[in-house]
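Hello,

Here is the structure I promised to pass on to you.

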Amino acid sequence: LGYVIVFRTNMALDRYWEGMTNVMQMESKWADAFLQICAFFNSSLPTHDKETQKKILRLEQILCHWFSLMSAIAMCMLRAEDGARPDIDDMLQRDIE
């Protein structure tokens with residue numbers, strides 16, 4: 001009986017760490033995508049006039065907010081218990097206003 005309990009506990013721990021690894025990989029991929037976008041924007045800044053530069057920097061700020069919001073929503077979805085899900089439409093509507 002002790003062997004079975006240890007085996008099941010080890011399996012559960014492995015599943016937990018696999019899930020945590022996948023979550024961290026997801027976050028890492030999103031961060032990489034955002035940094036690639038920022039690098040593209042920043043490399044093109046000197047070629048534009050001041051007004052366009054302001055627009056590009058503002059878009060970069062908005063994208064940072066959206067990537068952060070995407071990450072927060074994903075964490076809420078993973079954290080939800082008993083099938084309770086956050087109202088994503090409400091979150092996005094408040095973000096748009």
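Of the contacts in the protein with a separation of 6 or more, 51% are accounted for by residues 24 or more positions apart, where contact means heavy atoms within 4.5 Å. This is a predicted model, in which local features need pLDDT of at least 70 and side-chain atom pairs count only at pLDDT 80 or more, while totals for chains, interfaces and linings use all residues. Residues are numbered from 1 along each chain as its sequence is written, and side-chain values use heavy atoms, with hydrogens and water left out.

The mean pLDDT (the predictor's confidence in each residue, from 0 to 100) is 86 for the protein, and 85% of the residues score at least 70. Confidence is highest in H1, at 92, and lowest in helix H3 (residues 88-96), at a mean of 65. As you know, where pLDDT is low, the predicted coordinates should not be read in detail.

The protein has three helices and zero strands, giving the pattern α-α-α along the sequence. Helices (H or I, at least four residues) and strands (E, at least two) are DSSP runs, numbered from the N terminus.

How do H1 and H2 lie, and what is the angle at which they cross? Their axes come within 10 Å and cross at roughly 175°; the axes are lines fitted to C-alpha atoms, for helices over the stretch in contact, and angles run from 0 to 180 degrees between N-to-C directions. H1 and H2 are therefore roughly antiparallel to each other, the word for angles over 145 degrees. Residues of H1 that meet H2 include Trp 30, Phe 34 and Phe 41, and those on the H2 side include Leu 63, Phe 67 and Met 75. By class, this contact has 17 nonpolar, three polar and two charged residues. Ala, Val, Leu, Ile, Met, Phe, Trp, Tyr, Cys and Pro count as nonpolar, Asp, Glu, Lys and Arg as charged, and the others, Gly among them, as polar.

Buried residues (under 20% relative accessible area, 1.4 Å probe, protein chains only) make up 15% of the 97 residues. Two serines may interest you. Ser 44, in helix H1 (residues 2-44), is buried, with a relative accessible area of 17%. The side chain of Ser 44 reaches the backbone oxygen of Phe 41 at 3.0 Å. Ser 71 sits in helix H2 and counts as buried at 16% relative accessibility. Leaving aside residues up to four places away in sequence, Ser 71 touches Glu 27 and Trp 30.

Best wishes

How values were computed:
Buried means under 20% relative accessible area, exposed over 50%, partly exposed in between (1.4 Å probe, protein chains only). A polar contact is a pair of N or O atoms within 3.5 Å; within protein, one must be able to donate a hydrogen and the other to accept it, and residues adjacent in sequence count only if both atoms are side-chain atoms. Angles under 35 degrees count as roughly parallel, over 145 as roughly antiparallel, 65 to 115 as roughly perpendicular and the rest as oblique.
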